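Reader: I am new to this protein and would like a guided tour. Could you take my questions one at a time?

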Amino acid sequence: MKSKGKKSTGLLLALVLLVSMLAACSQNNEKKGTEKANTTNGNTQSEAGASAPDPVELNFMLWGDKPAGMDEVLAEFEKRTKDTLNMKINISWTPLSDFSNKVKLKLSAGEEVDAVFDAPWATMINNINQELYQELDTYFLNDEYLGLKQAFGEQYVTNNKFNGKLYGIPFTQGYKEIYGYFIRKDLREKYGMNKISSLGELEQYFDHVLKNEKGVIPVADDGNALRWNYGLTDENDYFFAKSNIFTTTLAGGLSATCQLSEDRKACISLELPGDKETPFPGIPYNFVELSSNWKSKGYFEKDLLTQQNATSMFVGGKAASLAHGISQFSVLNDQIAKAVPGAQLEFFASSDSQRSLQPAAMKTDFKAFNFISIPVTSKKADSVMKFFNWLFSDKANHDLFERGIEGVDWVADGDSLYKNPESGPRYVFPGYEMTWNPNLIRNLAGMDEQVYNILDYSMDVDSYYQTPLAGFTFNSEPVKSEIAKVTPVMDQIGQVYASGAVKDAYANAHELNKKAVKLGLEKIREEALKQINAYLAGK
């Protein structure tokens, strides 16, 4: 049995490889603010008799709701670091729907923003191409920032560069999220069901919910995320990989599927959403058909496409399952335990290969999912990086922000687990926005052994296969106007595919594809093919 602390050998090899062999980076960063990089030690140990540094105030932007207890955590941080960092951190919290626009408005208005959450699945690639973020290479693998050096090894740093530079602090716990369904264990046992081990059994659970739970829908989902099919898509990707077919993300959420040559040195053709009027033959899961079936059975709520917060529905007891990634187990467990007395959580991995812990079954580009970036307008890059150096220099520092006040918000259970206090969870911080790191993981104690096994599996590099397009980053600048026009149509195609609400989904998606062609889709395809083949030729 693997460690519940998830310290697998594969993880250590993948993420901490060669840290001690690499000298400190020495590149100059031309896009920094007025603070001089690396002239003062980023560590938090003061010399004997040294006075506290001048006070500094930092403004962070994160998305979501402000966690209960956040003010107490920040106050404790200021208390602990008064004589070393002497910082005050202000965090503004903004709904995701408004986040990107608010960031751009603040930056264009010249407001002080020193650190901002972003991600490749959001606006990070576009913002990098528009030179809105500072390069951060000099802070990593640097003896003056030992906290960052011990938490971010050479391979981890290299994997998360864009256009050869590091434009954000990467946050991840594994190289890929394992998706599936969080379900209510208490309800499953109420129906006399054994642990769910197949998609068919999951549907039986949904049927019991429809029959027995008034006012509770079987599956919580939202029209923006459409997360319910992610794990099934993973299984399809594994099927495609065996035929040298790989998918990559371009920009604006647009994905492209590339048929590679036998030697994997050229992209022969590039398929975009809606190109075909029929599903690919032989795929393990036709999620278009499945979504239609689930919709007709009443598994989704009627206004699925207008639902904005599926997670709130689930943790509030209004849904019996939530499609999401397993990394959120402890967070969701905390939330539902607080809101629904007696509720217990279980996880069902929807991909057959991942559920059976099959080696080399998950596609990855070995990049993090989420980042903190520093806008080029900030003049406090050194201070921001000193804070993160402090955060990752010690487990107690990391625990403060990720878990909250010890004894109030959580109770330690050894070095790698934690328990909730008797009063229940209070502080629930979205770690993927600021604290996740593969070397500083503390899982909830008392979870099902299957959850620990899956988490360990997700941390083991032997569980992955690397796509030949790993490392490819699409430069959207040559076709940015076409992408702006096409993206809304591509979003509609995604809704058609996954909502289950549209008859003849493939035919309808193809009609939308024709509309996208008139708006510049073929120019995007040509540019993507050119860039992909240039990337493959240069490998």
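This is a predicted model: local features need pLDDT of at least 70, side-chain atom pairs count only at pLDDT 80 or more; totals for chains, interfaces and linings use all residues.

Reader: How many aromatic pairs does a search of the whole structure find?

Author: Rings of Phe, Tyr and Trp (its six-membered ring) pair if their centres lie within 6.5 Å; planes under 30 degrees apart are called stacked, over 60 edge-to-face, and the rest tilted. Searching the whole structure on that basis, the number of aromatic pairs is 42.

Reader: Which kind of aromatic pair do F387 and F401 form?

Author: The ring centres of F387 and F401 are 5.3 Å apart, with 75 degrees between the planes. Going by the angle, this pair is edge-to-face.

Reader: Which helices hold F387 and F401?

Author: Helices here are DSSP runs (H or I, at least four residues), strands are runs of E (at least two), and both are numbered from the N terminus. The pair links distant parts of the chain, 14 residues apart. F387 sits in α14 (residues 381-393), and F401 in α15 (residues 395-403).

Reader: Is F387 buried or exposed?

Author: Buried means under 20% relative accessible area, exposed over 50%, and partly exposed in between (1.4 Å probe, protein chains only). F387 has 0% relative accessibility, so F387 counts as buried.

Reader: Which residues do ring pairs link into a cluster?

Author: F387 and F401 both belong to this cluster.

Reader: Which residue lies over the face of Y418?

Author: A charge sits over a ring if NZ of Lys or CZ of Arg is within 6 Å of the ring centre and within 35 degrees of the ring normal. K367 lies this way over F162, at 4.5 Å from the ring centre. Over the face of Y418, at 4.0 Å from the ring centre, lies R403.

Reader: How far apart are the end C-alpha atoms of helix α19?

Author: The expected span of a helix is 1.5 Å times one less than its number of residues. Helix α19 (residues 521-537) has 17 residues, so it should span 24 Å. The distance in the model agrees: the end C-alpha atoms are apart by 24 Å.

Reader: Which residues of α19 are buried?

Author: The buried set runs from L521 to L536. Its members are L521, I524, R525, E527, A528, Q531, I532 and L536.

Reader: Which residue does a disulfide join to C258?

Author: A disulfide is a pair of cysteine sulfur atoms within 2.5 Å, and by this rule the count is one. Both of its cysteines are buried. With S to S at 2.0 Å, C258 is joined to C267.

Reader: How much space lies in the largest cavity?

Author: On a 1 Å grid over the protein atoms alone, a cavity is a set of points where a 1.4 Å probe fits but cannot get out; lining residues have an atom within 4 Å of a point. Grid points are joined across faces, edges and corners, and a volume is the space filled by probe spheres set on the points. The count comes to seven cavities of 30 Å³ or more. The largest cavity holds about 180 Å³.

Reader: Which element gives the most to the lining of the largest cavity?

Author: The lining has 19 residues, and Q173, S327, S330, R403 and W436 lie nearest the centre. The elements giving two or more residues are α12 (329-339) and α15. With three residues, the one that gives the most is α12.

Reader: Where does R264 lie?

Author: Most residues other than glycine have a negative phi. R264 has a positive phi, near 60 degrees. At 34% relative accessibility, R264 counts as partly exposed. Its place is the loop between β7 (255-260) and β8 (267-271).

Notes: Residues are numbered from 1 along each chain as its sequence is written. Side-chain values use heavy atoms; hydrogens and water are left out. On a 1 Å grid over the protein atoms alone, a cavity is a set of points where a 1.4 Å probe fits but cannot get out, and a pocket is an open set with protein on both sides within 12 Å along at least five of seven lines; lining residues have an atom within 4 Å of a point.
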